[in-house]
Number of protein chains: 2
Amino acid sequence: MTTACNVAIVGATGAVGLEFLAVLEHRDFPVGNLRLLASHRSAGKTLTFRGQSFVVEELAENSFSGMDLALFSASGSISKTFAPIASEAGCTVVDNSSAFRMDPGTPLVVPEVNPEAVQGMRVGKGGIVANPNCSTIIMLVPVSPLRAAAGLTRLVVSTYQAASGAGAAAMAELEQQTREVLAGEPPTCNVFDRQYAFNLFSHNSDIGEEGYNTEEVKMVRESRRIWNDDDVRISATCVRVPVMRAHAESINLEFKRPLSEADARSLLAEAPGVRLVDDRPANHFPTPLEASGEDDVLVGRIRQDISRNGEQTGLDLFVCGDQLLKGAALNAVQIAELLL
Amino acid sequence: MTTACNVAIVGATGAVGLEFLAVLEHRDFPVGNLRLLASHRSAGKTLTFRGQSFVVEELAENSFSGMDLALFSASGSISKTFAPIASEAGCTVVDNSSAFRMDPGTPLVVPEVNPEAVQGMRVGKGGIVANPNCSTIIMLVPVSPLRAAAGLTRLVVSTYQAASGAGAAAMAELEQQTREVLAGEPPTCNVFDRQYAFNLFSHNSDIGEEGYNTEEVKMVRESRRIWNDDDVRISATCVRVPVMRAHAESINLEFKRPLSEADARSLLAEAPGVRLVDDRPANHFPTPLEASGEDDVLVGRIRQDISRNGEQTGLDLFVCGDQLLKGAALNAVQIAELLL
């Protein structure tokens, strides 16, 4: 029998916050007391969990007393300030921001890939675990079993990222802009500084000296860290597309050892957190819509890369995963389950 | 002074057909007589060219008598039947279908890349020239000058393709579906067998034995043919996104010789048919919306590929081009200009 775990949710009214509640309920997480925390602006709102109403409280230094687990999905600066406070109070934190992801003392975890990274940690004992970037998680779930089988040397990925990655306001803006464009009106640009409806654009994060944006750098660095592999060579191009809540990724893989398409398909069919959607005759492959609301990362278009001169050392994949679930809330709750 | 050229347009009422008229007018092509041809269904419709009305006629065997140039944008089977008839009648054909693209006797031409392929051909003398696939053209315009400078060994491309590539009906369906989804109604699926609004999917062309769809195979084979290079290794992943009329492509390049990012940028700044949109501080890069209605292929996100272990033998690009213009009608008219 599992002991009840007192859970605090930071950023409870955001897009990921609401998914935390749905995932905890859906997975029968042993929630004891539940405390919903948000900014001053959202305090006083009411949210429902297991048929019961909870009033959102304003996040404060004493918010974590008596709590065993805190799921954070607010800004990086909120995490930087409040995750150590929670941890000090004996509340174990799973943090969805990028604040601690590259901190050597903080495990960065995809439960299907590196669950051993949280060994020795428990809810109610303090400590912080970082939840990776959504695009990183969705890529690593299907690529990791192939990497384990054949050794990964290089990866080139291009993403097709949904509005949800920029939060609930971005999803609302995509919908509002689409209505406006269809009505022949100029699109309202608040979250993004350009038209998103019927358009796409390079990810709106800062560009570093090497020409890669922050989202792309996260995919490179976090993958290396989770795989504990500084040699794997990765190039990423991150693009936002006018889709609501699931990311797609086109992934080109280069292996140390040959890996046949058939073997790759078998590995993926058995892999945890993966569902094959790869029906060539029916032209049925992963789509963001089919991935929306699903726990699994959908994988298809599995094929030997024809640019490898007949060597079976390359594969192409097309994957889709729900950005709010496996890309965020679900992965965080799965981490929490490792800590029970 | 250029002699007037009698022009027939086959598929005049289609999405590309209408662009043929706009491009001929915009570029002051020396059109003498103009004959607009289409299926029985569209015959009798009226279209305007240079302020004058033209009635669309039904395509027939005698449609090409007295014509010097025919621009075809109908089905491959229409081209297979009628392009040879036009050619026999002394009418030179520029064919936008895939019917003759891989025929060794038919030049396949991007004017910025291999204009020499039409040497000796003239309007009014018969003969067929094939217009490449839209995704191929949009890729080759920016990649060719880099290839010329450093020798291209391998290319990995992922596309973000617009509705227009599937014709005017697909564009209308995307709009209709979007209205329906926003109204909470089920989307009408006629052109595509799934929801396109707020979704994306692997290109809806047949999948061959190697797991690549026809669109991807076209990109590989046509690029090799236009470059006259059977050694270049190419892998493509083609995806349709809910965008109206411009394609985007994320391109990873591997070169024989080092090519610095600065040199690549200089080459692209000088390249015909290319416009640099690569402002890192402003996060301003090519978008389909900015490319729509533009002749040039927009190129940005130019950066040394960080997965090449510090060698300057790899580059990443993100490009956008108008599928109906440079991807179809404009390229065809530019080919016709070579034949004047």
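These are my notebook entries on a predicted model with chains A and B.

**Ground rules.** I treat the model as predicted, with pLDDT of at least 70 needed for local features and 80 or more for side-chain atom pairs, while totals for chains, interfaces and linings use all residues. Residues are numbered from 1 along each chain as its sequence is written, and chains are lettered from A and ligands numbered from 1 in the order in which they are written.

**Entry: the two chains.** I looked up how chain A relates to chain B. The same surface serves both, since 100% of the contact residues of chain A recur in chain B. I count two residues as in contact if their C-beta atoms, placed from the backbone, lie within 7 Å.

**Entry: the sheet in chain B.** I traced an open sheet of six strands in chain B, in the order S11-S9-S13-S16-S15-S14, with mixed pairing. Its edge strands are S11 (233-237) and S14 (274-276), each of which pairs on one side only. The twist averages 25° from one strand to the next. Strands are DSSP runs of E with at least two residues, helices are runs of H or I with at least four, and both are numbered from the N terminus. Two strands pair if DSSP finds at least two bridges between them.

I then followed S13(B), residues 246-255. Eight bridges join S13(B) to S9(B), residues 152-160, in the antiparallel sense, and Arg154(B) stands opposite Glu254(B). With S16(B), residues 314-322, S13(B) pairs antiparallel over nine bridges, and here Asn252(B) faces Asp316(B). S14(B) and S15(B), residues 297-304, pair in the parallel sense over three bridges; Leu276(B) is opposite Val299(B) there.

**Entry: cover on S13(B).** Ten of the ten residues of S13(B) are buried, meaning that 20 or more other C-beta atoms lie within 10 Å of a residue's own, with C-beta atoms placed from the backbone; exposed is 12 or fewer, and partly exposed is in between. Both faces are covered, with Glu254(B) among the buried residues on one side and Phe255(B) among those on the other.

H8(B), residues 325-338, lies across S13, S15 and S16 at about 65° to S16(B). These angles run from 0 to 180 degrees between N-to-C directions, and the axes are lines fitted to C-alpha atoms, for helices over the stretch in contact.

**Entry: helix H2(A).** I found a bend of about 30° at Phe82(A), with Pro84(A) following within four residues; the bend is the angle between axes fitted to the seven residues ending there and the seven starting there. Phe82(A) is also buried, as are Ile78(A), Ser79(A), Ala83(A) and Ala86(A). The buried residues of H2(A) pack against S1 (5-10), S6 (69-72), S7 (92-95) and S8 (128-130) of chain A. Gly90(A) follows H2(A) and has a positive phi, near 85°.

**Entry: Val31(A).** I located Val31(A) in S2(A), residues 31-38. Val31(A) is partly exposed because 17 other C-beta atoms lie within 10 Å. Leaving aside neighbours within four places in sequence, Val31(A) is in contact with Ala4(A), Cys5(A), Val7(A) and Leu24(A).

Notes: Copies are superposed by least squares on the C-alpha atoms of residues with pLDDT of at least 70 in both.
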